[in-house]
Amino acid sequence: MSIKHEDTNTSVPGFHMEGEDRGILTLSVGPQHPGSGHFRLIVKVDGDIIVEALPDPGYVHRGEEKMCEYRNYIQNIPHLERPMIADSCGILYPYVLAVEELINIQVPERAKYIRVIMAEINRCIFELYWLAIYGIFLGHSTMFMWPMADRELLIDLAEMASGARVTHAYFVPGGVRNDLPDNFVEKAVRHLKYFRSRLKEYKDIFYDNPLFQSRTIGVGVLRREDAINLGATGPVLRASGVEHDIRKVEPYDVYDELDFKVITMKEGDSYARAYVPWLEMFESVEIILQALEKMPNGPVRTKLGPNPKGGVAEVFKRVEAARGELAYYIVSDGNPKPYRVKLSVPSFRELPVMAHLLKGAKLADMPSIYWSMNYWPVEADR
Amino acid sequence: MVIAMATVSEFKFSEFVKSVLWLLFWVILIFSLIVLPIIFVILFYIPEPVINGVRINPYLLLTMLTNPQIGAPLIKATIESTFFKIAVFPGFTFAALFATVLIYAERKVLAKMQLRVGPYHAGREAFWWANSLGGFLQLIADLLKLLGKEIIVPAGADKPIFWAAPVVLVVAAAGLIALIPVAPNWVIADIDVGLLAVFALLGFFPLTTLLASYASNSKYPFIGGLRALYQLISYEIPLILSVLGVVILAGTLNLTGIVNAQNPYWFIILLPIGAVIFFITALAELERIPFDLPEAESEIVAGWLTEYSGMAYGLIQLANYIKMYALSALFVTLFLGGWMGPQIASSIEFFDVTIISAEEANGVTWFAIKTFGIALLMIMMRGINPRIKIDILLRTAWSKLIAIAFINVFIAVALLYLGVVPIAGGA
Amino acid sequence: MGSVSGMLKAIASGSKHLAIRRFTLRYPEQKLKFVGDGYQFDPKEGVGIAGYRGRHILYQDKCTGCQLCSIACEGIAEAIAMVKVDKQYKQNKKGIMPQIDYGKCVFCGLCVDACPFYALFMTDDYELAAYTKEHLIYTPDQLAIKPKYIGTYEIKIDELGAYHDE
Amino acid sequence: MSSAQNLEVEKALADKVTARFGDKVRLSYVKPHRIRFDVSKDILLEFARFLRDELGFDHPISVAGVDYPKRNTIEVVYHIGSCSNEYRSVVFAFAVHLPRDNPTIPTLTPIYRGVEYHERETFEMLGVIFEGHPRLERLLLPEDWADIPPLLKDFHIKGREE
């Protein structure tokens, strides 16, 4: 019999005890999070062990897919990059490839290289942002500050090329919106070489730090079969030993001409899920440097009519964005506005994986499991 | 509104006279009831100090103050008086100043480690030399801000304890300073069981933290308070055990005795494990990263001092940093040979009267350098470590640290038995 | 022992960073330099010229009031409204020019892509803060003035680390 | 791996499926790395189990619901990729046509645990009932959503014409 004191009901946002039955406490963690976006996780806790975790997304749902049906293919560009502004090239890439297939226009060679460069720069920008938030989730303030500072090097490059620091809206069906400024290549090589030396610094402070290891090794282990069946993707999938990277599996643009390794680890715990993106950043720098050398000169965009139209057809295009496989399924019925656009985003596909992993975990492990899922609430809610 | 109107419109001389008389009455009343008794007590009950043969009566006192030449011995007397020691030098003001320097150093050093700037604008344009120093007036700005903020007492809070907790914390932290010897005979309370007194005072903190979190009557501080209690209690045992080795080698509990016992070799060379454990447990005692579980917990962001605002919060922060100074000073006294160090400072004369002897000055400078070094190491710990989990926190305390502390004690006994260290009996 | 060596490496790396220069850009005193003087678009080739996408600039002598920029922005932010302008231009018979509401604009630059007469470009001025929402609305005459943004700082890298400098 | 021109890998795959299910499935198109089948509702579970176990398509990518008011059908399209064998570059899509008035379909959650939230979203956005779904309830929309499922064509955003 719990005495309910009316006057002492000082319930604080984010920590709301909904009910107590048979010793199972239902906590709702969020929707305000120190990390990112708004996302509520209803957690049933028995003592310190999580009995069941029910993710409750939808706080920042805007109905992107419905809004897409009211805009033509060009107006959709700045609109469709909103769910994931930290990796805006990653989320626009499949849309642009799909629309090119619908309108069947060719993309000049130089534009393909620029697209690969910008996609890789954006991958690093997101990985650094994610690593920084992972650091602050575990209370490691230096691990928040360093990636944020190093991210500035890449944001500077992206801003130089596309004109905007974060929301580039740089990819357009038919290529990219403008050519790279002339001193871009020389500055990019300098920034990337310094960025690579900065990346190496993270090893001592973060990955080899015994306290960080104690909080992440053996925490939230995702077996290989579960990862595949639950539809996990990106670093979460590769950390469980599945070598599945769309850039290698189904190369688009010029990825087949660049050689890079696909990073996988077998442990599948939070440490592996934090380690894989770090190694992938080295690969991305490798890719960008190769692409900068191989980039031919020439036009960067094929001219588009005012209202491009596609035939009655449907297209399914997928791309390896920073968080994993990002796919667009576009159905067009012949007029300039798409009939139906379905975004299959990696964050939405991590929800079942998160629910599966949190079951049975300790409450103290929740931050390291939740954030190692590469989950971005704004993108998952669309 | 009405009152303002009346005074402004017309001026009555009678009103003016009345207010002047009223004011005079209050001045005389306060003067006679309060100020006069104080003067009498000072003049008649405090024995005039005898300085080199001459008894200081009030009239001589005034002449001395006017002419520094004659006043020199007076200054030397005041410096040696216990009131000055308590209030100013090794006592509270020195600790508070050292704490403010620590706060500023923490923000600047942490910022530098994280490639950012830290406090920058406050005080930059104020002085010509302050340009590179950055925001050193930031602390005064924070102090004024905290003073200005309203102290909110939550509904249903247990008011007396809620108000008393910050004060008790500061008092306990200040108490620690009284026991630490700064220079050869520069210690406020040179009691024989100095180390025991330190641990007695350290016992204050878990109790006060729990009372504070209980008193603020809301869910978050309650949980934060419980976690603080787990942590402080479970880390006090390794703290005491780690110092056991030092006491065995020094043979005395008196802190000055311990420092003197470290003459040839500092205890950190003889008992490195004890030093490491003491440092770790000191971090846990201070609730600093990697042990700041009670303060900020990422999945339920809470802390036992969330309900404190305004100067109450300011006092707790001051207590934290004074405790940080006290514990790093304790580390220096126990393991780094307190004030011992090669002679670098000279004595301070004032009109051919040596106020502070060369040996004392040197002791103080070495003590300050070592304490600041240890404090910097504590600050660096905050820069390079994440927070650890609650279960790891308790498991390390109970199983690992206590076991290693016993090993340290065995080493101390072995050193004593093998005669490496002479059996030092007494001070 | 692994944890002790790990901790020592972390301390070494931490203290090494005390020597690396601070990276922060002290904003009000130091301002970033951008390449070119703002994003432009060349309708003949149909490709843009790299530049920072900041506040727009309207060349009133070229604008014909064709409303293409406002139609382009309709689907995105509806930030551009056509407003009558008192000064009479021979190529602008209806006498209407775009008025941009920076409370809504997302700086995507698609209006610049849509303008066929080289009339609407972007500059690298991003300091558009205002006290009321109405002040965020820039009339065509306000847009015609060239902003005075002087940014001279950029990221420099040397053996002491990366920092912002002249 | 199949290049853009010759599609023998995709064709071989398509023949395997038609050999197994015959007339109950209809091949809609074969494109480089893409195959799409129209499957009837009653053999869906068996088809999905065959797809996962025999053909090795074990990695669910997305479930899309598309509303065709003119043909009075709602199409639920499953996109399944593969992680494990030579079909890694192929995305196998199979669609189920449901009558628009009461669209019900057996859930594939027991076979692909990853589609649980996709199916919940399709239920919420298009009103498709997934029989046997563990938690078929609102996912993204606000609790007090009283309007019709928003992705249906007859739901219009206020103030914007089609």
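Predicted model: local features only at pLDDT ≥ 70, side-chain atom pairs only at ≥ 80, totals over all residues.
Residues are numbered from 1 along each chain as its sequence is written, while chains are lettered from A and ligands numbered from 1 in the order in which they are written.

**Chain A**

- Chain A has 14 helices and 9 strands. Both are DSSP runs numbered from the N terminus: helices are H or I with at least four residues, strands are E with at least two.
- Its C-alpha atoms fill a box of roughly 75 × 50 × 40 Å along the principal axes.
- Of the 382 residues in chain A, 58% are buried (20 or more other C-beta atoms within 10 Å of the residue's own, with C-beta atoms placed from the backbone).
- Take the contacts in chain A with a separation of 6 or more: 70% join residues 24 or more positions apart. A contact means that the C-beta atoms of two residues, placed from the backbone, lie within 7 Å.

- Nonpolar covers Ala, Val, Leu, Ile, Met, Phe, Trp, Tyr, Cys and Pro; charged covers Asp, Glu, Lys and Arg; the others, Gly among them, are polar.
- Chains C and D do not touch, and their nearest C-alpha atoms are 10 Å apart.
- No contact joins chains B and D, whose closest C-alpha atoms lie 23 Å apart.

**A sheet in chain C**

- Three strands form an open antiparallel sheet in the order S4-S5-S7 (chain C). Strands pair if DSSP finds at least two bridges between them.
- S4 (80-84) and S7 (137-138) of chain C each have a single partner strand, so one side of each lacks a neighbour in the sheet.
- S5 (residues 96-101) of chain C is joined to S7(C) by 2 bridges. Asp101(C) has Ile137(C) as its bridge partner.

**Two helices in chain B**

- H14 (residues 272-285) and H17 (residues 390-417) of chain B pack at about 145 degrees, with axes 9 Å apart. Axes are lines fitted to C-alpha atoms over the stretch in contact, and angles run from 0 to 180 degrees between N-to-C directions.
- The contact includes Ile277(B) of H14(B) and Ile404(B) of H17(B). Its residues divide into 8 nonpolar, 3 polar and no charged.

How values were computed
Buried ≥ 20, exposed ≤ 12 C-beta atoms within 10 Å, placed from the backbone.
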